[in-house]
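Reader: I am new to this structure and would like a friendly tour. Could you show it to me?

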Amino acid sequence: MAVIPVNPFVLKDVTLTLDGSDFAAHVSEVFFAPSASTQNWQGMTPSATYTDTSVATWTATLAYAQDWSSTNSLSRKLHEDEGASWPCVFKPRAGTTGPTVTATLIVTPGAIGGTVNGFATATVTLGVSGKPKFTVPAP
């Protein structure tokens with residue numbers, strides 16, 4: 001059996017472009033997640049069991065600092081562009097030849113407000129049109 005090496009990394013300097021603008025400084029989390037359901041069918045004999053899985057749908061979760069005073073902030077853009085489709089480019093390692101995730105996000109607004117004596121933050125889950133594309137440059 002082959003031993004497969006692993007090369008984990010820490011998200012600490014990313015590139016995040018949404019609708020052509022750099023929002024990396026606005027977010028503290030970028031998370032693409034698939035969701036699929038399993039379908040089962042059982043016939044009237046023990047051997048007539050069938051299982052299949054649906055095609056996954058994807059979402060992109062962004063955790064961000066709310067900024068309602070800056071004209072072009074992510075908070076305001078999410079609020080104003082509800083229903084729009086944004087091109088997204090996410091590079092977990094900015095400035096390297098590492099992987100790139102590209103997707104089209106369907107915008108939904110995020111929360112407004114927060115708790116006393118703390119930064120107002122929010123988390124929003126945006127739909128992804130199709131499947132994110134993951135590319136790794138050749139070495």
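**Aromatic pairs and a strand residue**

Author: Welcome! This is a predicted model, and we can begin with F90, which is buried, with a relative accessible area of 7%.

Reader: How many aromatic pairs does the structure hold?

Author: Rings of Phe, Tyr and Trp pair if their centres lie within 6.5 Å. By that rule, the number of aromatic pairs in the structure is 2.

Reader: Are the rings of F32 and F90 stacked, edge-to-face or tilted?

Author: Their centres are 6.3 Å apart and their planes stand at 35 degrees. Planes under 30 degrees apart would count as stacked and those over 60 as edge-to-face. The pair of F32 and F90 is therefore tilted.

Reader: How many residues apart in sequence are the parts that this pair ties together?

Author: F32 belongs to strand β3 (residues 27-35), while F90 belongs to strand β7 (residues 85-91). The pair thus ties together parts whose separation in sequence is 58 residues.

Reader: Is F32 buried or exposed?

Author: Buried means under 20% relative accessible area. F32 has a relative accessibility of 17%, so it counts as buried.

Reader: Which residue forms an aromatic pair with W41?

Author: W41 itself is exposed, with a relative accessible area of 53%. Its pair is tilted, with 5.9 Å from centre to centre and 35 degrees between the planes. The partner of W41 is Y50.

Reader: Is T100 buried or exposed?

Author: T100 is found in strand β8 (residues 100-106). Leaving aside neighbours within four places in sequence, T100 is in contact with V89, F90, K91, K133, F134 and T135. At 15% relative accessibility, T100 counts as buried.

Technical notes. Residues are numbered from 1 along each chain as its sequence is written. This is a predicted model: local features need pLDDT of at least 70, side-chain atom pairs count only at pLDDT 80 or more; totals for chains, interfaces and linings use all residues. Side-chain values use heavy atoms; hydrogens and water are left out. Helices (H or I, at least four residues) and strands (E, at least two) are DSSP runs, numbered from the N terminus. Buried means under 20% relative accessible area, exposed over 50%, partly exposed in between (1.4 Å probe, protein chains only). Contact means heavy atoms within 4.5 Å. Rings of Phe, Tyr and Trp (its six-membered ring) pair if their centres lie within 6.5 Å; planes under 30 degrees apart count as stacked, over 60 as edge-to-face and the rest as tilted.
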